[in-house]
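Subject: Structure for your records

Hello,

Here is the structure for you to look through. My notes on it follow below.

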Amino acid sequence: MERTNITSTNRMSASALCIKENSSLEFIKNPHTGKIFFVCGSIQGYVSPKVQENLDNVKIEDLQFADVSIEGNEPVPCLMMKGTDNVVKTLGVNLTK
C-alpha cells in the first residue's frame, strides 16, 4: 500500500482561529454538491468528513484548524476533529476560558 504524503502547517484550535480572525465559525452547504465548507473571517476552507458527520453535535472544543497539503500540492485550509487518541493529560484549560 502506497503512503500519501500529507503535511499540515499553521495548526491551531478552532477557538484560536476564531480569536485570530475576530470572527465566528460558519458552516456553509454548497447547494450544487451538498458538501459543507467553513468561513471564519478571511479564511474559507474544507470541512473534513468526520466533522460533517458530527455537525449536529460538534462543539468548538472538538475542532482544530490547519493548512493541509497532500503530495506537495498547494495547502488548503481545513477544519477537522481534534485528535485525542494519544492525549494522556491536558494542562492549562483554566487559562483558555
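**What was found**

Valine 47 has leucine 79 in strand 6 as its bridge partner. This is a predicted model, in which local features need pLDDT of at least 70 and side-chain atom pairs count only at pLDDT 80 or more, while totals for chains, interfaces and linings use all residues. Residues are numbered from 1 along each chain as its sequence is written, and side-chain values use heavy atoms, with hydrogens and water left out.

**Sheet and helix**

The chain has two helices and six strands, and from the N terminus the elements run β-α-β-β-β-α-β-β. Helices (H or I, at least four residues) and strands (E, at least two) are DSSP runs, numbered from the N terminus.

The six strands form an open sheet with the order 1-5-6-4-3-2 and mixed pairing. Two strands pair if DSSP finds at least two bridges between them. Strand 1 (6-13) and strand 2 (26-29) are the edge strands, each pairing on one side only. On average, neighbouring strands of this sheet are turned by 35° against each other, direction ignored. For angles, axes are lines fitted to C-alpha atoms, for helices over the stretch in contact, and the values run from 0 to 180 degrees between N-to-C directions.

Strand 5 (residues 63-70) pairs with strand 6 (residues 76-81) in the antiparallel sense, over six bridges. In this part of the sheet, valine 68 stands opposite valine 76 in strand 6. Helix 1 (residues 14-21) packs on the sheet and touches strand 1, strand 3 (36-40), strand 4 (43-47), strand 5 and strand 6. The direction of helix 1 makes about 70° with that of strand 1.

Strand 4 and strand 6 run parallel and are joined by two bridges. Strand 3 and strand 4 pair in the antiparallel sense over four bridges, and phenylalanine 37 stands opposite tyrosine 46 in strand 4. The hairpin of strand 3 and strand 4 has two residues between the strands, and glycine 41 takes a positive phi near 60° there.

**Core and aromatic pair**

Of the 97 residues of the chain, 26% count as buried. Buried means under 20% relative accessible area, exposed over 50%, and partly exposed in between (1.4 Å probe, protein chains only). In soluble globular proteins, nonpolar side chains tend to be buried together.

The largest nonpolar core has 14 residues, of which Leu17, Leu25, Phe38, Cys40, Leu63, Phe65 and Leu79 touch the most other members. Such a core is a set of buried Ala, Val, Leu, Ile, Met, Phe, Trp, Tyr and Cys residues joined through side-chain atoms within 4.5 Å. Helix 1, strand 3, strand 4 and strand 5 each supply at least two residues of this core.

The structure holds one aromatic pair. Phenylalanine 38 and phenylalanine 65 form this edge-to-face pair, at 6.2 Å centre to centre and 80° between the planes. Rings of Phe, Tyr and Trp (its six-membered ring) pair if their centres lie within 6.5 Å; planes under 30 degrees apart count as stacked, over 60 as edge-to-face and the rest as tilted. Phenylalanine 38 lies in strand 3 and phenylalanine 65 in strand 5, so the pair ties together parts that are 27 residues apart in sequence. Both phenylalanine 38 and phenylalanine 65 are buried.

**Cysteines**

There are zero disulfides in the whole structure, a disulfide being a pair of cysteine sulfur atoms within 2.5 Å. Cysteine 18 is in no disulfide, and the nearest cysteine sulfur, that of cysteine 40, is 4.0 Å away. Cysteine 18 is buried at a relative accessible area of 12%, and cysteine 78 is buried at 10%.

Neighbours within four places in sequence aside, cysteine 40 is in contact (heavy atoms within 4.5 Å) with Leu17, Cys18, Glu21, Ser23, Ser24 and Leu25.

Glutamate 21 is found in helix 1 and is buried, with a relative accessible area of 17%. Not counting residues up to four places away in sequence, glutamate 21 touches Cys40, Gly41, Ser42 and Ile43.

Lysine 20 also lies in helix 1, but counts as exposed at 55% relative accessibility. Leaving aside neighbours within four places in sequence, lysine 20 is in contact with Met12 and Ile43. Lysine 20 and glycine 41 are 21 residues apart in sequence and 8.9 Å apart in space, C-alpha to C-alpha.

Regards
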